[in-house]
Amino acid sequence: FASWSIEAEGAHITSPVLALQGEHDAYGTMAQGRRVAELAPGARWTGLADCGHHPFVDRPEAAPDAIAAFLRTAVPTAPA
């Protein structure tokens, strides 16, 4: 998976994206996660230290916080 690339597709992504990447993920690299965020408009990359492929298992306190922070800024608030 380290050589797998979605770079050709990155610019076609139109929805907000959170590239949440564990530093010890056996299926992807931190560089790949950062690259997704560079290519996709409105994307954000968040790397998690001491984390493998399963952030909700490896970092159960950090993964939801990262997602909540992303949603607060990436998803527009509905009008009241």
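Which residues lie nearest the centre of the largest pocket? Trp4, Ile6, Gln32, Gly33 and Val36 do, among the 17 residues of its lining. The model is predicted; local features need pLDDT of at least 70 and side-chain atom pairs count only at pLDDT 80 or more, while totals for chains, interfaces and linings use all residues. Residues are numbered from 1 along each chain as its sequence is written, and side-chain values use heavy atoms, with hydrogens and water left out.

**View 1. The largest pocket and its lining.** The space in this pocket is about 340 Å³. Strand 1 and helix 2 are the elements that give two or more residues to the lining, and helix 2 provides the largest share, five residues. Helices (H or I, at least four residues) and strands (E, at least two) are DSSP runs, numbered from the N terminus. A pocket is an open set of points on a 1 Å grid over the protein atoms alone, where a 1.4 Å probe fits, with protein on both sides within 12 Å along at least five of seven lines; lining residues have an atom within 4 Å of a point. Volume is the space filled by probe spheres set on the points, which are joined across faces, edges and corners.

**View 2. Asp25 in the loop between strand 1 (18–22) and helix 2 (30–39).** Asp25 is buried but has no salt bridge, and Arg34, the nearest side chain of opposite charge, is 12 Å away. Buried means under 20% relative accessible area, exposed over 50%, and partly exposed in between (1.4 Å probe, protein chains only). For charge, Lys and Arg count as positive and Asp and Glu as negative; His and the chain ends are not counted. The Asp25 side chain makes a polar contact of 3.2 Å with that of Gln21 and reaches the backbone nitrogen of Tyr27 at 2.7 Å. A polar contact is a pair of N or O atoms within 3.5 Å; within protein, one must be able to donate a hydrogen and the other to accept it, and residues adjacent in sequence count only if both atoms are side-chain atoms.

**View 3. The salt bridge between Arg35 and Glu38.** Because they are three residues apart in helix 2, Arg35 and Glu38 are separated by about one helical turn. Glu38 is exposed, at 56% relative accessible area.

Conventions. A salt bridge is a side-chain nitrogen of Lys or Arg within 4 Å of a carboxyl oxygen of Asp or Glu.
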